[in-house]
Amino acid sequence: LKYRFPELADPDTYYGFRFCHQLDFSTSGALCVALNREAAGSVYACFKNRTVTKAYLALVRGHIQEAKKTICFAIGKNTTEGLTHMMCIEGTDGCKSPKPCRSELVVLEYGLYSGEPATKVLLQPLTGRTHQLRVHCSAIGHPVVGDFTYSFKKDNAPYRMMLHAFYLCIPTSKEFIEVNAPDPFVPSFDSSWVPQHLIHHLDEVIQELKEKGIWAGEEEKQEDPSAVPSYEVTSETKTQEMEKQQTHCKQWLSEWAPE
């Protein structure tokens with residue numbers, strides 16, 4: 001980002017930008033970056049109040065039987081030697097401090113990837129645990145295509161992991177942010193993916209998510225009409241912010257799975 005948009009970089013932050021959330025190393029798609037402290041606070045309030053809507057596209061191994069599925073495995077840190085870069089579901093040997101997690105899955109298409117059965121799905125994380133979608137897909141027996149880590153080093157043929165942050169909606173008090181990152185899992189972009197049977201139209205599923213998000217946002221306002229906090233920027237707060245960002249950055253790097 002610094003290379004492509006040097007004029008937007010903020011020298012008062014540890015790594016140049018205020019990233020409002022994160023994507024796994026091999027995940028493509030929409031990522032929100034705040035250009036100033038006030039904007040970051042506004043977005044943070046939305047994440048805190050659970051008014052943000054995120055949806056991911058993925059190709060997963062095999063054909064999922066259910067057209068729609070709720071996945072509720074609790075997820076914790078894997079403490080097993082050699083697997084400490086991974087997360088795991090509750091009940092796995094070495095699983096530390098599992099926390100409740102919920103993901104919604106909608107089947108979009110059945111098809112083949114490089115001749116093997118695969119399913120194109122839309123995933124919505126309703127909680128925010130590290131590697132949540134990847135762990136949940138693996139736990140139901142349908143790991144993400146190209147996920148080297150959660151296929152236990154078996155799935156190394158694809159050129160990338162087939163997980164993409166497709167839709168992001170953040171209704172801040174300043175502006176209504178809504179973006180789509182173009183779908184990369186189409187035959188014109190990746191000829192290895194051959195769809196065979198349509199189950200749900202992507203546009204219709206996203207429209208349902210939008211309607212649910214609007215309803216949830218209105219409900220949240222009625223329950224907790226809190227305003228976005230204001231910030232007084234001083235040299236002390238800048239230093240504290242940089243130290244906090246440095247800590248978060250190191251934590252994120254430690255959680256990224258090596259490819």
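Predicted model: local features only at pLDDT ≥ 70, side-chain atom pairs only at ≥ 80, totals over all residues.
**Cysteines**

I went to Cys101 first: its sulfur has the one in Cys72 as the closest cysteine sulfur, 9.5 Å away, too far for a bond. Cys101 is buried, at 5% relative accessible area; for burial I use under 20%, with exposed over 50% and partly exposed in between (1.4 Å probe, protein chains only). Next I checked Cys20, whose sulfur lies 3.8 Å from that of Cys32, its closest cysteine sulfur, and this too is too far for a bond. I then searched the whole structure for disulfides (cysteine sulfur pairs within 2.5 Å) and got 0.

Residues are numbered from 1 along each chain as its sequence is written, and side-chain values use heavy atoms, with hydrogens and water left out.

**Salt bridges**

How many salt bridges are there? I count 10, taking a side-chain nitrogen of Lys or Arg within 4 Å of a carboxyl oxygen of Asp or Glu.

I looked up Asp24 with Arg134, which form a salt bridge at 3.1 Å, N to O. Asp24 sits in the loop between strand 1 (18-19) and strand 2 (28-29) and Arg134 in helix 2 (residues 132-139), so this pair ties together parts 110 residues apart in sequence. Helices here are DSSP runs of H or I with at least four residues, strands are runs of E with at least two, and both are numbered from the N terminus. Asp24 and Arg134 are both buried.

Then Asp183 and Lys120: their side chains meet in a salt bridge at 2.5 Å, N to O. This one links distant parts of the chain, 63 residues apart, with Asp183 in the loop between strand 12 (176-180) and strand 13 (193-198) and Lys120 in strand 10 (residues 116-125). Lys120 is buried, with 5% relative accessible area. I also noted a network in which salt bridges with shared partners join Asp24, Arg134 and Asp147.

Is Glu104 buried or exposed? Glu104 is buried at 18% relative accessible area, while Arg102 is partly exposed at 40%. The two form a salt bridge, with the closest N and O atoms 2.7 Å apart.

**Helix 2**

The buried ones are Gln132, Leu133, Arg134, Val135, His136 and Cys137. Just after helix 2, I found Gly141 with a positive phi of about 85°.

**Strand 4**

Strand 4 (residues 53-61) is mostly covered, with 7 of its 9 residues buried. Which strands does it pair with? I count a pairing when DSSP finds at least two bridges between two strands. Strand 4 runs antiparallel to strand 11 (residues 163-171) over 6 bridges, and 6 bridges also join strand 4 to strand 10, again antiparallel. For landmarks I took Lys54 opposite Leu168 in strand 11, and Ala58 with Val121 as its bridge partner in strand 10.

**Surface**

Last, I picked out a nonpolar patch of Leu1, Phe5, Leu8 and Leu35, with about 340 Å² of accessible area together (Shrake-Rupley, 1.4 Å probe; for residues, only the protein chains shown count as cover). Patch members need over 30% relative accessible area and no salt bridge; nonpolar side chains (Val, Leu, Ile, Met, Phe, Trp, Tyr) are joined within 5 Å, like charges within 9 Å. Phe5 lies in the segment before strand 1 and is partly exposed at 33%.
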